[in-house]
Amino acid sequence: ENPDSSSLQKTEGWEIVQTTCTECHSSQIIAQNSGTRDVWLSRIRWMQDTQGLGALESSLEDSILGYLSRNYGPKASSRRQALPEHFLPNNPYAVND
């Protein structure tokens, strides 16, 4: 992947994540995800256990986890807001008072 076309937020540590993580997948996969440090660590472990990712030196892993948890932390909500009631169809099962 061309570093100039990275989807990653260009904050401290992005180059390490770009270099390390995009060997196997696009930066867009990273940018579309979110989670706590523990969630990101579980994803790294999953990639190591099932996808062939090798062991990472502890300082490299720490840098990656720091970048990911700072820039792609938990989202308040990933669901869109509910539609206003006037946009909803009539409910044939509604109990009329």
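A disulfide is a pair of cysteine sulfur atoms within 2.5 Å. Keep that cut-off handy for the exercises below, and remember that you're working with a predicted model.

**Exercise 1. Work out how many disulfides the structure holds.**

Solution. 
- Step 1: Start with Cys21. Its closest cysteine sulfur sits in Cys24, 8.8 Å away.
- Step 2: Check the cut-off. A pair has to be within 2.5 Å to count, so the sulfur of Cys21 is too far from that of Cys24 for a bond.

**Exercise 2. Decide whether Cys21 and Cys24 are buried or exposed.**

Solution. 
- Step 1: Buried means under 20% relative accessible area, and exposed means over 50%.
- Step 2: Cys21 comes in at 17%, so it counts as buried.
- Step 3: Cys24 has 66%, so this one is exposed.

**Exercise 3. Check the span of helix α3 against what you'd expect.**

Solution. 
- Step 1: Helix α3 covers residues 37-50, which is 14 residues.
- Step 2: At 1.5 Å a residue, the expected span is 20 Å.
- Step 3: From first C-alpha to last, α3 reaches 20 Å, close to that expectation.
- Step 4: Look just past the end of α3, and you'll find Gly52 with a positive phi of about 85°.

**Exercise 4. Find which residues make the nonpolar surface patch of about 320 Å².**

Solution. 
- Step 1: The patch is made by Leu83, Phe87 and Leu88.
- Step 2: Patch residues need over 30% relative accessible area. Leu83 has 46%, so it's partly exposed.

Key. Residues numbered from 1 in each chain as written. Predicted model: local features only at pLDDT ≥ 70, side-chain atom pairs only at ≥ 80, totals over all residues. Heavy atoms only, no water. Helix = DSSP H or I, 4+ residues; strand = E, 2+ residues; numbered from the N terminus. Expected span 1.5 Å × (residues − 1). Patch = residues over 30% accessible without salt bridge, like charges linked within 9 Å, V, L, I, M, F, W, Y side chains within 5 Å. Areas by Shrake-Rupley, 256 points an atom, 1.4 Å probe, with all protein chains shown as cover. Salt bridge = Lys/Arg side-chain N within 4 Å of Asp/Glu carboxyl O. Buried < 20%, exposed > 50% of the residue type's maximum accessible area, 1.4 Å probe, protein only.
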